[in-house]
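Here is a short report on one chain.

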Amino acid sequence: MPRILIVEDEEIIRSAVRKLLQHAGYDVADAGSVEEAEQQHEPDEFDLIISDLRLPGAPGTELINRAPNTPVLIMTSYASLRSAVDSMKMGAVEYIAKPFDHDEMLAAVENILARKQQTEVDPETGPTPATADKASSDPASIMFGQCDAMQKVFTLIRKVAPTETTVLIQGESGTGKELAARALHLMSPRALKPLISVNCAAIPESLIESELFGHEKGSFTGAVSARTGLIEAADGGSLFLDEIGELPPEAQARLLRVLQEGEIRKVGSTQSRQVNVRMIAATHRNLKAMTRTGEFREDLYYRLNVMQVRIPPLRERHGDILGLAQRFLTRQGEKMSKPHLNLSPEAMRALERHRWPGNVRELENAIERATILCDTDLITPSLLDLEYEGGDEYIPQTLVEGNNEQVRAREPESSNDLSLEDYFQHFVLENQDKMSETELAQKLGISRKSLWERRQRLGIPRKKASGN
């Protein structure tokens with residue numbers, strides 16, 4: 001049984017990861033800091049160390065030096081993403097961003113342990129460029145899908161993964177595009193190298209070029225030191241660009257050069273350097289249509305769209321809904337010490353009737369909510385709360401009584417005819433030209449992150465800044 005050491009100072013996170021790995025059959029120990037790990041355990045005797053990057057005392061990367069024979073998986077928040085890249089240059093085998101999906105964590109652990117086992121087979125020749133264990137890297141073990149549509153996706157991934165072909169993954173928000181990218185990477189000859197995942201929509205436009213390509217010291221205000229970009233960090237491995245349709249024009253031009261010439265140039269630098277990166281991109285938007293409106297470069301689109309993998313929405317995977325629900329129910333039941341939970345027949349029918357605009361992510365959230373609220377062992381339709389799609393949208397009184405004359409003039413005659421999601425869509429489209437994202441979010445009474453997620457779900461493009 002593989003032994004894993006968790007080093008994390010936040011008790012809630014440490015406990016959650018420990019329980020997740022124990023349920024998966026691993027022997028798990030934990031500590032709250034590097035110093036505590038050394039006092040209570042022998043870190044180099046474990047098969048894997050999972051450590052937070054920021055810890056009291058020595059940082060998690062210090063374990064790379066103190067346990068040189070043990071692979072280290074670094075956990076980091078997005079705000080520390082560049083530090084995670086630096087940690088991989090120091091020798092961390094992989095990083096995982098918080099908050100992480102449970103399947104993502106288990107897949108990362110299985111992959112690292114499989115790679116470690118391979119390198120131990122022949123100690124005289126050392127590490128080999130062989131791919132990870134096929135059973136743990138196969139898409140069917142990373143993603144769930146028994147319907148014909150998903151089986152076709154798995155077959156396509158198995159065919160495309162061993163090649164160097166650039167892949168464009170298309171699918172609605174919440175369908176599992178990042179899991180498909182992970183499967184493509186783990187089944188490729190690059191599996192022993194890093195997979196760097198970047199959500200293009202989550203990085204401010206002013207920082208996207210610096211994040212992707214790196215920058216030199218003093219190249220802009222706040223650039224107090226040189227930084228390695230995420231593309232360079234993925235050298236030899238794979239780069240997953242999620243929501244690539246959100247890339248600003250300047251970054252699109254730079255990315256095209258990477259695909260055409262295999263070279264990057266840091267912001268503020270006059271020197272270019274070669275990189276060997278396999279590009280995997282994903283989007284929920286119609287990039288072909290965006291090329292006609294000028295929002296997306298046509299030459300970049302054709303460079304990316306060499307091979308396309310379409311992840312079907314959950315409403316097209318009718319045969320998978322109950323299977324996914326049962327998987328999520330088992331997982332949540334174990335997490336919350338409710339191991340005997342079951343879905344009532346009425347709840348099953350409600351799950352099958354629902355259209356799932358938020359796809360697999362929405363289903364997982366519904367099961368988690370029902371598990372928390374359930375006082376018995378039976379999940380009922382009322383606990384799933386699926387009657388009103390978009391019922392979670394909160395339209396504050398300040399919006400209805402706001403200063404916008406258009407909204408005030410239209411509201412009395414249309415409020416009875418519009419759903420809350422319709423209201424949200426109308427408000428964003430009518431006001432995004434004269435309001436920033438922050439102002440829109442404040443008027444709607446939601447966070448900027450929630451605003452972005454609702455844009456994704458409803459397919460409302462973010463207004464591009466013009467002339468700057």
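Buried means under 20% relative accessible area, exposed over 50%, and partly exposed in between, with a 1.4 Å probe and protein chains only. This is a predicted model: local features need pLDDT of at least 70, side-chain atom pairs count only at pLDDT 80 or more, and totals for chains, interfaces and linings use all residues. Numbering starts from 1 along each chain as its sequence is written, and side-chain values use heavy atoms, with hydrogens and water left out.

**Strand 3.** Helices (H or I, at least four residues) and strands (E, at least two) are DSSP runs, numbered from the N terminus. Both faces of strand 3 are covered. Leu 48, Ile 50 and Asp 52 are buried on one side, Ile 49 and Ser 51 on the other. With 5 of its 5 residues buried, strand 3 (residues 48-52) is therefore largely enclosed by the rest of the structure. Strands pair if DSSP finds at least two bridges between them. Strand 1 (residues 3-7) runs parallel to strand 3, joined by 4 bridges. Val 7 stands opposite Ser 51.

**Helices 22 and 23.** Their axes, lines fitted to C-alpha atoms over the stretch in contact, lie 9 Å apart at about 95°. The two helices are therefore roughly perpendicular (65 to 115 degrees). Contact means heavy atoms within 4.5 Å.

| Helix | Residues | Residues in the contact |
|---|---|---|
| Helix 22 | 437-444 | Glu 437, Thr 438, Leu 440, Ala 441, Leu 444 |
| Helix 23 | 448-458 | Arg 448, Leu 451, Arg 455 |

**Whole chain.** The chain has 23 helices and 16 strands. Buried residues make up 51% of its 468 residues.

Key:
Axes fitted to C-alpha atoms, helices over the stretch in contact; angles between N-to-C directions. Parallel < 35°, antiparallel > 145°, perpendicular 65-115°, else oblique.
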